[in-house]
Amino acid sequence: MSETHPAATTLPMPLPTARGEVSAALLDALVREPGGATLPGDRSLREADPYGDDSQLALYVCYELHYQGFSGVDDAWEWDPGLLRMRQALERRFLDALRSDATTHDDPDAAVSALLVEPADGTGVSHFLRDEGELWQMREYIAHRSLYQLKEADPHVWVLPRLRGRAKAAMAAVEYDEFGAGHGDRVHAELFAALMADLGLDPAYNHYLDATSARMLAVVNMMSLLGLHRALRGALVGHFATVEITSSPASDRLAQALRRLGAGEAAVFFYTEHVEADAVHEQVVRHGVIDDLLKREPALAADVAFGVDATVFLEDRFADEVLDTWRKGRSSLRAPL
């Protein structure tokens with residue numbers, strides 16, 4: 001695989017299309033000079049559904065300023081005080097909703113133990129795609145997940161300066177693998193880009209932002225929210241543990257689905273790579289990161305459990321929406337491929 005995959009050289013994408021009053025005002029401001037533009041007002045921020053298209057797109061755009069940015073947007077917007085105040089208002093409503101709707105555990109051991117049980121009659125997206133999914137549905141799922149996978153592991157790096165000792169070393173070891181262990185063509189985001197190209201999808205970063213649903217945006221936004229705030233470091237570790245624990249069996253099912261659908265080698269390789277790698281990462285995160293973090297900071301136990309619960313809650317909401325639309329014979333995307 002080439003070290004200069006097209007996805008690696010793509011310039012920042014243009015701003016997306018607004019989905020409501022808040023995102024429209026934000027996008028209009030971002031094409032202007034920082035400090036002189038009118039950002040969304042308090043009323044519109046209060047009235048926006050914390051899980052809805054408008055607020056989730058606005059949050060995604062705010063967070064993206066910390067990643068690759070957008071073409072035509074001044075880099076100075078990243079730390080503009082007015083934009084940060086607006087983002088904080090959206091974050092508080094999103095986080096409050098998650099704490100209210102998603103919290104089911106206060107003990108991280110119980111939360112993690114629940115992840116280790118694979119139901120015999122699983123009904124998630126990976127089960128559907130393995131057993132009966134069609135190629136168009138697989139391509140839609142990959143387009144959705146591209147917002148997450150093309151920045152895979154990036155937000156988790158933010159927790160490293162906030163960890164110490166074994167927890168820091170174990171987290172860094174997992175991240176090293178996610179970033180290709182020193183090999184640019186093995187970076188997991190690049191492997192996903194190759195998967196997309198194999199399925200005839202555009203591997204450009206954020207290419208499918210306008211097409212993906214608010215529920216997928218919420219999945220990605222949560223990891224950015226947890227990563228950017230030191231106070232939420234325990235929840236980010238819980239989120240990361242959930243991803244690593246649930247990834248291996250789901251990856252195996254998706255690899256089987258891709259083989260059944262006749263996908264190419266690059267497409268299958270992304271998921272077969274994750275079957276073994278994430279099985280190892282699961283043990284490292286559970287025993288190296290979580291155990292050591294809670295030994296040093298036992299007060300973070302409820303936050304770690306919340307990170308697990310919130311991840312499961314948002315992923316289940318996304319899966320339910322996708323499967324519901326597919327079973328009705330409709331596209332799960334806002335703009336069908």
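Ala153 is found in the loop between α7 and α8 (165-178), where helices (H or I, at least four residues) are DSSP runs numbered from the N terminus. The model is predicted, so local features need pLDDT of at least 70 and side-chain atom pairs count only at pLDDT 80 or more, while totals for chains, interfaces and linings use all residues. Residues are numbered from 1 along each chain as its sequence is written, and side-chain values use heavy atoms, with hydrogens and water left out.

**Loop residues with positive phi**

- Most residues other than glycine have a negative phi.
- Ala153 has a positive phi, near 80 degrees.
- Ala153 counts as buried because its relative accessibility is 2%; buried means under 20% relative accessible area, exposed over 50%, and partly exposed in between (1.4 Å probe, protein chains only).
- Ala181 is not a glycine either, and its phi is positive at about 50 degrees.
- The loop between α8 and α9 (188-198) holds Ala181.
- With 28% relative accessibility, Ala181 counts as partly exposed.

**Helix α1**

- Helix α1 covers residues 21-30, and its buried residues are Val22, Ser23, Leu26, Leu27, Ala29 and Leu30.
- Seen down the axis of α1, these buried residues fall within an arc of 160 degrees, so they line one face of the helix; the arc is that of the directions from the helix axis to the C-beta atoms.
- The buried residues of α1 pack against α2 (42-47), α3 (53-64) and α4 (81-102).

**Gly133**

- Gly133 sits in the loop between α6 (125-131) and α7 (135-149).
- Gly133 counts as buried, since its relative accessibility is 2%.
- Beyond its neighbours within four places in sequence, Gly133 is in contact with Phe128, Arg260 and Leu261; contact means heavy atoms within 4.5 Å.
- From C-alpha to C-alpha, Gly133 and Arg253 are 12 Å apart in space, and they are 120 residues apart in sequence.

**Ser146**

- Ser146 is part of helix α7.
- Ser146 is buried, its relative accessible area being 3%.
- The side chain of Ser146 reaches the backbone oxygen of Ala143 at 2.6 Å.
- Not counting residues up to four places away in sequence, Ser146 touches Phe192, Met196 and Tyr208.
- Met216 is 70 residues from Ser146 in sequence, and the two are 9.9 Å apart in space, C-alpha to C-alpha.

**The largest pocket**

- The volume of the largest pocket is about 1100 Å³.
- Among the 43 residues that line the largest pocket, Thr246, Ala250, Arg253, Glu315 and Asp316 are the closest to its centre.
- On a 1 Å grid over the protein atoms alone, a pocket is an open set of points where a 1.4 Å probe fits, with protein on both sides within 12 Å along at least five of seven lines, and lining residues have an atom within 4 Å of a point.
- Grid points are joined across faces, edges and corners, and a volume is the space filled by probe spheres set on the points.
- At least two lining residues come from each of α5 (108-115), α6, α7, α11 (233-260), α12 (265-296) and α13 (301-327).
- α13 gives the most to the lining, with 11 residues.
- By class, the lining has 20 nonpolar, 14 polar and 9 charged residues.
- Ala, Val, Leu, Ile, Met, Phe, Trp, Tyr, Cys and Pro count as nonpolar, Asp, Glu, Lys and Arg as charged, and the others, Gly among them, as polar.

Note on methods
Polar contact = N/O pair within 3.5 Å; in protein donor to acceptor, adjacent residues only side chain to side chain.
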